[in-house]
Amino acid sequence: MKTARRVLFIVSLLILFIVALLFAYDRYGRPLLPANWAGTLAGMGAVVFLVAAFLDSLGGAVALVSKLWGKEGPASLPPQRQIEMEGSAPYQEQSPRIDVNAPVGQIHVQYGTPPTPLDDKAGSFDEARQRYLKWVEKRYGRLNLRGVEERQRRIHNLTLDNVYVSLAATLDPDEAKRRRQEEAPRRDAAVNMRDLLRQSDRLAITGAPGCGKTTYLRIIASVLAQAHLTKDTQSIQRHLGLTAPLPIPIFITLSEYNHYRRRHSGSADPERGTLRGFITHRLQKMIGRLPSDFFDRLLSSGHHCLLLLDGLDEVADETERRLVSTEVQNLVDSGDAGHIIVTSRTRAYRGQARLADFRVAQVLPMDAEQVNQLIQQWCAAVYEDEEDRTKEQDALQMAVTELEAKRRVRNERPLIDTPLLVTVVAIVHYNEHHLPEQRAALYKKCVEVLLAEKHHPATEGAEFLRQWGGTETAKLQFLAYLAYEMMRAGEKAGRIVAEAQLKAWLLPEFESEYGQEAAPTQLKEFIAAIRGRESLVSEENTTYRFVHLAFQEFLCAYYLAETVREGNQIAAFLAADNRLADSWWREAILLTIGHIGVSSKKNALALTQRLTQLSGSDDLELAAAELAGTAFLELESQDDRVRQQLSGRLFKMLVKRDFAAQPATRAIAGDALGRLGDERPGVCTWKPELILIADDLEFLMGEEKKPVRVPMPFEIAKYPATNAQFRYFWEDGGYTEKWQHCWTPEGWRYKERNNWTEPRYWDDPQYNLPNQPVVGVSWYEAVAYANWLAEQTGQPYRLPTEAEWERAARHTDGRTYPWGNEWRDGIVNSEEAGIGRPTAVGVFPDGAAVCGALDMSGNVWEWCQTRWRDEKGNDYPPIWADDGRENLAGSNSVWRVVRGGAYWNDKDDFLPAAARYRSYPSLGNYDGGLRVVVSPFISGL
């Protein structure tokens, strides 16, 4: 009725307008009108009012107006229905076109072309939609746990909703750069993944293997489907933070799409081979009884879709990955799709594979609190008895805590920091009541959990499952050989194997085990078993992959350690084809040494020694030394003699000039040196190593190369301040009242107001190795550290002036870079190097300045003492002068200069020695550090 009254009002306004128009016209056109024209029109208006008063729907009113106008109107659209979602606004189920630029929860709808009629054989569209949502909820919402001993039946009824823990992700660097200019910078840039869907309608989720990218998509799919089916939005609020209208999820594995694209690449039908065509094809294949245009109808009939595109990195060939990315981009650019999320390993999401206008969020490793939360939810889900639940939860949490504490003592990153490993480790503990401490031993238990069929009752059928495809020992051996061959195939071809190739690899092994006559039958049964159980290997369209690359790597290591066995042969195999320097082989090599160490630590140490004796290219020798050092740490050996040998070899190679090692190799070698103990002077010692600059104090400054003179001689630190050096300040109470006098008054107020107790990324394993530059320090913290150092030493330590910094970096001749005028690839940690994080200081010696200072181009930004602008907001001229810009006082609005660029800057960005930037003194970024100088200079103003 409310809508009908609205129509009446519009119609009456129209009639009144006509009456007024004709009344005005009456003065000049009366002869043209009948004598009773006003009465006639009034009668017509009365009839309209009487008829419309009996209308009770918008459709009737609009139909009447349409007939009066003689035009077809919106009344031809089907009636609009709504699904009332509990605790939220009604979900508009029928709205033929969606504004794809609107954020989820604020979707604007408008009418468009009505959908085509349904195929009668498929039933109604609503019925098909319900079947689809039930399938999604079942497929993506159930946990398929393997290798769990059945002590309680409830473990087999676990849903993802029972145990899912929302993790954190960092925003992409572009966003971080924009935040440099915020008036109120945030202390913590991490975003809870619960809130990611509200950040953008185009998301690329990146991260390490097993970090939870796929699980994140699965929880989205399952809880959205559940909400549509049950009208219960509690899980939506808990996991996704969305409000109605809610999208319909569509989960697609991009590697499956790539196989489809290959098969139809030459098709005459333009739709075949496209991502849109694959979605239609897959929905039909997986569910059946859907309308042939089901996906198109979801888009065109107003059902907002959320496309969940998983595993861009699993398209191993870079050319094909670019083609798949192009197809995703085509679907985006068409404007039909609503929200789209793509997942990929971080290192695969680069270059032309990156998607335009997609916001990038990188999943962070789990912290201790999140690990404990997942353990708690796991135990709550699988143990019915409260006493058992508490006991097992405490035991598992304690085991994980102790394991990680031992790794921290050795300055190693956490082992159990992904949802995959937490889940499998929980199963191992559930079965074994304890955890192996060594990584290779833990993986072995995890593989046994996934391989054995112990979660079935002790029946004849269960025994058949355990023996299906061979004994557990035989299956382990064959899978190990398969993993070995897949690793040998290389990164591009070694992730997925076609069934024909799998048979070609394994048939000789089966012939050796069972004889030529029985081998084909045994191999067929083995393939059927691994395809049917999918505990360690999954199958899709006659192609096979290990369910996680970590298990493929371990099983390859198992083969090398158990079958090849002899240390010299293993070392020779690893040295061949540059495997030692190939990141594809890194984990397999470390696990090989670790697995040998489980039974014989002596043999494992002997293999590390053999690796350091290998000769070859500079890159191979450095990679071998790094692997030997990292493996030594994982063996938990206490042999200090071997440790010193390994660290000494890394030391010598990393400081050697003209040593042709790749940037990525240098980065991980620097990490290994940091964990073994970096004994380079001025790196981890509390006092920096200083370089005196006493002569040639006049130099050419800025892009215009104007002469500037530094007021007096100074000494500058050879390296940026490291975590080890800053730790001395922190452990001495640098953030407490004991050293309050080292802080500027404004800095202390900021510290107190924001409860700063340490640098921003102090506990982040990506940034906290002892020999890495300390990052996440604000200008206030940097000044306090320098003042503390001055008080400890009795020397005038402080931050450098901008002029001092540039004189040290640029020498006196106005050179473009610290090393000269021409750019050289691979000699600094820049975007061109592709490392993507801070490295240990000083591991790029060829990028040194003339004075000998290192890392003055790239790695991390460095604070200067100098103001960029004054209290009134006026910028100081870019050429240095002692005009008050060195004043330490000032509010947070007084920007301070930063110099040198960072690891994500390129050669033309901020890496030239004359390049300069500014930042709020309260801002501590993941790319920002400091370097100190010693000089008695004090500004005269």
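How many residues does H24 have, and how far does H24 reach from its first C-alpha to its last? I looked this up in a predicted model. H24 has twelve residues and reaches 17 Å between those two atoms, close to the 16 Å expected at 1.5 Å a residue.

Next I looked up burial along H24. The buried residues are Ala 604, Leu 605, Leu 607, Thr 608, Leu 611 and Thr 612. I viewed them down the axis of H24: they fall within an arc of 155 degrees, so they line one face of the helix. I then noted what these buried residues pack against: helix H22 (567-575), H23, helix H25 (618-634) and helix H26 (640-654).

I took the pair H23 and H24 separately. H23 covers residues 586-599 and H24 covers residues 601-612; their axes come within 6 Å and cross at roughly 150 degrees. Angles over 145 degrees count as roughly antiparallel, so H23 is roughly antiparallel to H24. From H23, the contact is made by Ile 593, Ile 596, Gly 597 and Ser 599. From H24, Lys 601, Asn 603, Ala 604, Leu 607, Thr 608 and Leu 611 take part. I sorted the residues of this contact by type: five are nonpolar, four polar and one charged.

Last entry, on another helix. I found Ala 664 in helix H27, residues 663-676. Is Ala 664 buried or partly exposed? Its relative accessibility is 48%, so Ala 664 counts as partly exposed.

Technical notes
Residues are numbered from 1 along each chain as its sequence is written. This is a predicted model: local features need pLDDT of at least 70, side-chain atom pairs count only at pLDDT 80 or more; totals for chains, interfaces and linings use all residues. Side-chain values use heavy atoms; hydrogens and water are left out. Axes are lines fitted to C-alpha atoms, for helices over the stretch in contact, and angles run from 0 to 180 degrees between N-to-C directions. Helices (H or I, at least four residues) and strands (E, at least two) are DSSP runs, numbered from the N terminus. Angles under 35 degrees count as roughly parallel, over 145 as roughly antiparallel, 65 to 115 as roughly perpendicular and the rest as oblique. Contact means heavy atoms within 4.5 Å. Ala, Val, Leu, Ile, Met, Phe, Trp, Tyr, Cys and Pro count as nonpolar, Asp, Glu, Lys and Arg as charged, and the others, Gly among them, as polar. The expected span of a helix is 1.5 Å times one less than its number of residues. Buried means under 20% relative accessible area, exposed over 50%, partly exposed in between (1.4 Å probe, protein chains only). The arc is that of the directions from the helix axis to the C-beta atoms.
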